Amino acid sequence: MEEAKSQSLEEDFEGQATHTGPKGVINDWRKFKLESEDSDSVPSSKKEILRQMSSPQSRDDKDSKEKISRKMSIQEYELIHKDKEDENCLRKYRRQCMQDMHQKLSFGPRYGFVYELETGEQFLETIEKEQKITTIVVHIYEDGIKGCDVLNSSLTCLAAEYPMVKFCKIKASNTGAGDRFSSDVLPTLLVYKGGELISNFISVAEQFAEEFFAGDVESFLNEYGLLPEREMHALEQTDMEEDIE
């Protein structure tokens, strides 16, 4: 009589919402997963499996137990992989947030190539009428002058990397002030923002080695704080931080 009463109490205890034994903890976890699932997004067959998993089974029904055990293993596998999918979704969400943030921080016109200015009037109009937030880099050059062609090629690459910066070039003879820009001071880089000249580099090729590339020009401009952060670089940094996590 006492044994039957004890067994009855044990069975009643196992039916409670909170269990202290290993099997009880597992059942509670499965029940929690069932309750936390969105009812609209979970197929009825999957919910039924979860219900069976969260309910104690009869000790005498071995066949039923084996079937449920197989279902439990499959469901646990799905739940584990679902957690991994959730982690991947979180990473994608964070990346999208970073892209949105950079788009907001990089509001304003976008360029992406080097503008050829034909006259001094175009030069002045570009400086005076462009938005105040825009950095304008102007290369004053002349054909046949050492370093000018390489600098033009380098600026073409940088224009693609920094589409929020307006890169321009103009021949010294077309500026209307050719006497100021003799071959001795070319190539020259002028940097404007808000209609004001903020940097002036004459004979800028002398700052580089005999052979220089876009990366050298980029590093030079970054030393003076004239370029914003590259968008793709910021996103790559975010990806690296996520990989470390």
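Modeller: Let's start with pairing: two strands pair if DSSP finds at least two bridges between them. Strands (E, at least two residues) and helices (H or I, at least four) are DSSP runs, numbered from the N terminus. This is a predicted model, where local features need pLDDT of at least 70, side-chain atom pairs count only at pLDDT 80 or more, and totals for chains, interfaces and linings use all residues. Residues are numbered from 1 along each chain as its sequence is written, and side-chain values use heavy atoms, with hydrogens and water left out.

Colleague: What makes β1 and β3 a pair?

Modeller: Strand β1 (residues 114–116) and strand β3 (residues 166–171) share three bridges in the parallel sense, and the definition asks for at least two, so they pair. Y115 stands opposite C168 in β3.

Colleague: And how is β2 joined to β3?

Modeller: By six bridges, with the strands running parallel; H139 has K169 in β3 as its bridge partner.

Colleague: Why is Q131 called partly exposed?

Modeller: Buried means under 20% relative accessible area, exposed over 50%, and partly exposed in between (1.4 Å probe, protein chains only). Q131 has 40% relative accessibility, so it counts as partly exposed. Q131 sits in the loop between α5 (120–129) and β2 (135–141).

Colleague: What makes a set of residues a nonpolar core?

Modeller: Its members are buried Ala, Val, Leu, Ile, Met, Phe, Trp, Tyr and Cys residues, joined through side-chain atoms within 4.5 Å. The largest such core here has 23 residues, with L155 and L189 among those with the most contacts inside it. Apart from that core lies another, of 17 residues, including Y141 and C168.
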